[in-house]
Amino acid sequence: MRRVSGGIQISPCQREQMALWRPLSVPVRLSPKQRSVWPTSLRRDQRPRLSTSARIRANYWDTFHLRESKPERAPPTDRITSSQLASLKVPPTNVRILASDFIHDSLYNPHYGYFSKMRKVIFSPPEPINFNNLRDGYAFLNYLAGLYKDVDNGSAVDDTIRQVWHTPTELFRPWYGYAVANYLVREFKKDPRDAAHLDIFEIGGGNGTLMLNILDFIRKEHPDIYAITRYTIIEISASLSALQRAKRIHGHKNVTFINKSFFDWSSEVADSCFIIAMEVVDNFAHDVVRYDYTTGVPRQAIVLVDEDGDYQEAYEPVTEPKIERYLQLRRELNVPNRVLQPASIRSLRRTIPFYPNMTKRDFLPTRLVEMLDLLSLYFPRHRLVLSDFDKLPDAVEGELGPVVQTRYKGDMVACSTYLVQPGWFDIFFPTNFEILQKLHAHIVSQHRQNVLQKSSLGRVVSQRAFLEQYANLDATRTRSGEIPMLGFYSNFKFFLT
């Protein structure tokens, strides 16, 4: 789910920008002057802040250089892990943290993480939009602009801590959810895999809208299948889990709500089932490596936090097992390294004075691999329906670099580094779906005793192609013939197994 600012006007040029996802406001960079004007109602340690020493010198493996205004200090030596971070109530100082642990803590710490700290509003039109009554795509965008403005004006929550998210499920309800339901039913009818029930597990259910739309569609169009349908939502957020439970007032008694992280799942589901993960994996923490230009040897990134809470990025030999495993998987699957050039080219570049001795960052989706492990271990007969971004604008430099942003006085503030104060900034990554497809097939084949069939490799399709095949397009067609549901979120893809 992504954030937008409210109270904006949609112009024709902005409509063109929406062909690729981006906030519906002009992204701005946070300068030192801007940082000085965060609301004075917040204590200094509460105000969003970029690290004042977050600039990286690419020519050095260990970049813990200190500002001239600071006295000389030795880099921190104490290493703190993800599990230790989870018990802290304030961000730690004078420690070393693996980059992925730092990112995960910034997002998910129960006391100061982004998803715990920010007041989240998942934008949803009060009523399903009647696209047939709208003139064209321009009218749709102007209609949305008015709704965003109403959301902003109608909130009493401090704008600094309020984040407004939008998703295709909410904007195009119920038709988007109906398309997913249509896919599920078709696949189940085509190959039930000896299952007595249509079991559906949704990871991260948001407002519960997708669940409601899927069940409404099956109950209306396929009552015989609805009678054997069981739906389970696995939701880490207690507040969102409460919203999802409230949606059950529509009469669906075949829903189970589990309020915990999917990564804490520990029981096997032996029956065939569908796993739905819509805009979930983009917030999975990534590890960061860079490669020595001379030897090609990778080095893992760690975040050094000094006594003042400023952040530095440093590099050390790879010792983290999950990084070693991912790099090994990539070699086994013949996935090219997109940041490390051939040795012949690297040897020429070494002759250039002052040329960096390391490559740009390579963000590794190690948390995604953990999810695939859990799916294969505890849901051995699963069929996956996963949708997310395959590319993002304004991302941090590097392969699969994230977008780091927050909302400030109605504007989206985009940052050029992930070394930002935990809790105030969203950090989300694009997904390489072709690599995901190979990883899933490889990991599933290792867990399953039978040989993976070609049909089980899964397929990657654009969101447009998915909707063209499974959605009721006439229901979202404007009077001019435009179909906004096909044009929006063009940087989304589906992975289907």
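Let's start with Arg193, which is partly exposed at a relative accessible area of 24%; here buried means under 20% relative accessible area, exposed means over 50%, and partly exposed lies in between, with a 1.4 Å probe and protein chains only. Asp191 is its salt-bridge partner, with the closest N and O atoms 3.5 Å apart, and Asp191 is partly exposed too, at 34%. By salt bridge I mean a side-chain nitrogen of Lys or Arg within 4 Å of a carboxyl oxygen of Asp or Glu.

A word on the model, everyone: it is predicted, so local features need pLDDT of at least 70 and side-chain atom pairs count only at pLDDT 80 or more, while totals for chains, interfaces and linings use all residues. Residues are numbered from 1 along each chain as its sequence is written, and side-chain values use heavy atoms, leaving out hydrogens and water.

Back to charges. Side chains of opposite charge can pair when their charged atoms come close. How many salt bridges does the rule give? The count is 19.

One of them joins Arg325 and Asp373, whose closest N and O atoms are 2.5 Å apart. This pair links distant parts of the chain, with Arg325 in helix H12 (residues 321–332) and Asp373 in helix H14 (residues 366–378), 48 residues apart. Helices, by the way, are DSSP runs of H or I with at least four residues, strands are runs of E with at least two, and both are numbered from the N terminus.

Next, Lys493 and Glu434 form a salt bridge at 3.6 Å between the closest N and O atoms. Lys493 sits in strand E18 and Glu434 in helix H15 (residues 433–447), 59 residues apart. Lys493 is partly exposed at 21%, and so is Glu434 at 40%. Shared partners join Asp390, Lys391, Glu434 and Lys493 into one network of salt bridges.

The largest nonpolar core has 56 residues, and Phe172, Leu184, Ile214, Ile218, Tyr231, Ile276 and Phe466 touch the most other members. Helix H8 gives the most to this core, with eight residues. A nonpolar core is a set of buried Ala, Val, Leu, Ile, Met, Phe, Trp, Tyr and Cys residues joined through side-chain atoms within 4.5 Å. Beyond its neighbours within four places in sequence, Leu184 is in contact (heavy atoms within 4.5 Å) with Ile200, Ile214, Phe274, Ile276 and Val385. Another core, of 44 residues, lies apart from the largest one and includes Ala277, Val280, Leu304 and Leu364.

Phe466 brings us to helix H16 (residues 463–470), where Gln463, Phe466, Leu467 and Tyr470 are buried. Why do they lie on the same side of H16? Because they cover an arc of only 95° around the axis, taking the directions from the helix axis to the C-beta atoms. In general, an α-helix has 3.6 residues a turn, so residues three or four places apart point the same way. The buried residues of H16 pack against several elements, including helix H8 (175–190), strand E13 (382–389) and strand E18 (492–496).

Let me zoom out to finish. The protein has 17 helices and 18 strands, and of its 497 residues, 56% count as buried. Among contacts between residues at least 6 apart in sequence, 77% join residues at least 24 apart. Thanks, all!
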